[in-house]
Amino acid sequence: MTDRIRPEKIRCDACPVLCYIADGKSGACDRYANHGGDLVRLDALTVIESGSTRVVPFLKDAQTGDDWDGNIVQQNRAFVTAVGAGTTYPDYKPAPFIVSQEVEGVDMVTVVTEGIFSYCGVKVKIDTDRHIGHERDVVRVDGEPIGHVMTSEYGSKMLSLGGVEHLTGGSKKEGRVTCDALLRLCNCEPVEMVIGEPGHETTLIVQAGRAPIINGVEEKLMRVGCGSAAIGMFAKQWLGHADDVVVVDDHITGVLSEHQAGKMLDVPPTGIRIKGRRSTPGRYFQVADPGTGWGGTNVEDPLIILDRFKPDVAWPGLRLMMVSTTGEQFAYYELDADLVPQPVPIPEKLRASAELIAENCEPSVCSVLFMGGAGGSLRAGVTENPVRLTKSVKSSLTHVSCGGAAAYVWPGGGITVMVDVTEMPSNSFGYVPTPALVAPIEFTMRVSDYGTLGGHVSEIKPVAQVVSERDRKLAKREKQPDPNARENYRWSRGDAG
């Protein structure tokens, strides 16, 4: 009987984990595998093609059963993204793909690599009036802290999730849970999170491009304005149909009869009194506590924000409408002989005004922006002198994209990018169990500028030698920006350089 020969494991050097992978198995990140003794990348390199010729997408993105016929260019211009490209770890190596092509008479080069980002996270914008937590409240997933609530923006709540402090600065479980949550958010998958302390918790499901689900209820609308703004926008809709209107808002509650808009339209005083802190005429702060009720307050019965009407000003039969900032909640009252509001059926004209407010509200959606810093090691895959790449980006000689999507580069030192994950190809993000996210990043510039910044010029290959039938081909979206477009670069404006 002969001893069975066991195939040797091979070592993957694509990240600091340095997995030893058996034949037919993948590493801890599920991105690299041992295929007959060769280390192979499991995800296909993603190429975006522009032009009039039909492009057949790859595998699960396919809309048709036709096969790609092998013609690489087909009148189209191919942009090789970093999705599926691989990394430069341990950093001395040139980027996996350095691709050249002529674009409108200019020799351009794109350097692509999948960066291993320990310094990264996401900024989440949630379009809702509903209270999800106070500023600085901790956001938890599976009981682990992964971020916090930031300052609210107009009509939206903001979260900051991830970052190196959560990925590596806490417990091993905190880092693992944070990395997993970031990966799912960046790949446009839903993540359930809890904000606040026991007894005062809000459960939230966030998914990029979808409406948030708050305490089991899917949000519908993002307000068109605060209570004061709504008074100004819709005051004319109420003239002749209501004597006073209150737009209930957790931030700025508006009162028609006191507001400047009401004054300009000759709305007489009604003697109404609002509980809360008066700011300027017709504008009130802190009329109730934050919550998931009317206008982001904890109010279910709007009358509780009213004090007694002034008896020397108000009158029996006074018509009062109360409405939320999205128009989803509204009520109509008339004062009785004791000047107490009594609910009555709302006139059709006033109901239509609430519907008009709702019509002017945009659909509620969650926006997820990946944010990460391209460190010196990542930049070394582009040039042996990394600071020159930074200077080239800041001088608008090098354009930065992520998976072909436009990336905003923050001012100041380094290359800190922010990108809308819904603009990137599906499954653009991966991970390594260090833990860190793996995200695509591309640097595009003229070949001459690449040589000036000390790039790995000897590694440049024409696009026709790089793109193959194994790659995932995606059609360029109609309004998707082109990283090669002249307007991205200082030299197109006639500036020196």
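User: H3 and H5 cross. Is the crossing left-handed or right-handed?

Analyst: The crossing of H3 and H5 is right-handed. Keep in mind that this is a predicted model.

User: Which residues make the contact?

Analyst: H3 brings Phe 234, Gln 237 and Trp 238. H5 brings Leu 350, Ser 353, Leu 356 and Ile 357. By class, five of the contact residues are nonpolar, two are polar and none is charged.

User: At what angle do the axes of H3 and H5 cross?

Analyst: Roughly 155°, and the axes come within 10 Å. Angles over 145 degrees count as roughly antiparallel, so H3 is roughly antiparallel to H5.

User: Which residues of H3 are buried?

Analyst: Gly 227, Ser 228, Ala 230, Ile 231, Phe 234, Ala 235 and Trp 238. Seen down the helix axis, they fall within an arc of 160°, so they line one face of H3.

User: What do those buried residues pack against?

Analyst: Several elements, including strand E18 (244-248), helix H4 (260-264), strand E24 (319-324) and H5.

User: And what follows H3?

Analyst: Gly 240, with a positive phi near 85°.

User: New topic. Where is Val 365?

Analyst: Val 365 sits in the loop between strands E27 (362-363) and E28 (366-374). This residue is partly exposed, at 24% relative accessible area.

User: What does Val 365 touch, leaving out residues up to four places away in sequence?

Analyst: Lys 125, Ile 126, Asp 127, Gly 209, Arg 210, Ala 211 and Pro 212. Ala 211 is 154 residues from Val 365 along the chain, yet their C-alpha atoms are separated by 4.2 Å.

Key. Residues are numbered from 1 along each chain as its sequence is written. This is a predicted model: local features need pLDDT of at least 70, side-chain atom pairs count only at pLDDT 80 or more; totals for chains, interfaces and linings use all residues. Side-chain values use heavy atoms; hydrogens and water are left out. Axes are lines fitted to C-alpha atoms, for helices over the stretch in contact, and angles run from 0 to 180 degrees between N-to-C directions. Helices (H or I, at least four residues) and strands (E, at least two) are DSSP runs, numbered from the N terminus. Angles under 35 degrees count as roughly parallel, over 145 as roughly antiparallel, 65 to 115 as roughly perpendicular and the rest as oblique. A crossing is left-handed if the near helix is turned anticlockwise from the far one by less than a right angle, and right-handed if clockwise. Contact means heavy atoms within 4.5 Å. Ala, Val, Leu, Ile, Met, Phe, Trp, Tyr, Cys and Pro count as nonpolar, Asp, Glu, Lys and Arg as charged, and the others, Gly among them, as polar. Buried means under 20% relative accessible area, exposed over 50%, partly exposed in between (1.4 Å probe, protein chains only). The arc is that of the directions from the helix axis to the C-beta atoms.
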